Amino acid sequence: MQLYNYFRSSASFRVRIALEIKGLGYDYIPVHLVKGEHRDPAYLERVGDALVPTLVTDGGTALSQSMAIIEYLEDTHPTPALLPSTPLARARVRALAQMVACDIHPINNLRVLKYLVHELKVTEDAKTAWYRHWVRSGLEAFERQLQLLSDERTSQGLAPSVLCWGDTPTLADCCLVPQIFNAQRFNVDLGGLPLTMGAFEACMALPAFQRAQPSACPDNEA
């Protein structure tokens, strides 16, 4: 497989985590978003949209959108699983993942921030305030959801979660960790989020997450 990605892209990071957890090898092909390499006609012809990541399967099919890519990997390489075995638990994990991928990330990714500055003439300080507000409010909602799930697990006699759900990485962890990395880059206040940050720290103690992090990427820029 080939993965077209950018080391700092949250969506790319999600897919790298999933590939590492499942022990799947791939060729790393960097696409520098800041330099506009995602708008190269040759890339657009292959993927159809100017985004990363793109996963090219062993059969040569190009897949876009990180969540769809991870679900494809889950379907084709089900062990170790990134989704729990029961329908209810799977829905819980998907909901957590989508809180990040659908609510927090889309309004704070690079192209949105660039539009705020270049087209709407927002100042750098205002752009940063925008980012911090939406990330912080989104993570506060994520924390509340983790607390509700913790209460639910307790009522069912289940052990407390070490990660987002249980003690093995799930789709939710694949989404949370990159979001926290980006939040740290923008100096978002991450205090008062004990369950969220506990899950993040537990994830980052695992080799798969360490291998997938931006500093481990060949195109990493300090």
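Author: A residue is called buried when its relative accessible area is under 20%, and exposed when that area is over 50%; between these it is partly exposed. The model discussed here is a predicted one.

Reader: Why is Leu82 called buried?

Author: The relative accessibility of Leu82 is 1%. The cut-off is under 20%, so Leu82 counts as buried. Leu82 belongs to the loop between helix 3 (66–76) and helix 4 (87–104).

Reader: What makes Gln65 partly exposed, and what makes Lys121 exposed?

Author: Gln65 has a relative accessibility of 46% and therefore counts as partly exposed, since exposed means over 50%. Lys121, at 64%, is exposed. Gln65 is not a glycine, yet has a positive phi of about 70 degrees; it is placed in the loop between strand 4 (62–64) and helix 3. Lys121, also not a glycine, has a positive phi of about 60 degrees and lies in the loop between helix 5 (110–118) and helix 6 (124–155).

Reader: What is the omega of the peptide bond from Val52 to Pro53, and is that bond cis or trans?

Author: Omega is near 5 degrees, and the bond is cis. Pro53 is in the loop between helix 2 (41–47) and strand 3 (54–56). The bond joining Thr79 and Pro80 is cis as well, with omega about -5 degrees; Pro80 is in the loop between helix 3 and helix 4.

Reader: How do you know that helix 7 is mostly covered?

Author: Of its 15 residues, 13 are buried. Helix 7 (residues 171–185) reaches 23 Å from its first C-alpha to its last, close to the expected 21 Å. Just after helix 7, Asn187 has a positive phi of about 55 degrees.

Reader: How many helices and strands does the protein have, and why is it called as compact as a globular protein of its length?

Author: There are 9 helices and 4 strands. The radius of gyration is 17 Å, close to the 17 Å that the globule rule gives for 222 residues, so the protein is as compact as a globular protein of that length.

How values were computed
Residues numbered from 1 in each chain as written. Predicted model: local features only at pLDDT ≥ 70, side-chain atom pairs only at ≥ 80, totals over all residues. Heavy atoms only, no water. Helix = DSSP H or I, 4+ residues; strand = E, 2+ residues; numbered from the N terminus. Rg over C-alpha atoms; globule rule 2.2 N^0.38 Å. Expected span 1.5 Å × (residues − 1). Buried < 20%, exposed > 50% of the residue type's maximum accessible area, 1.4 Å probe, protein only.
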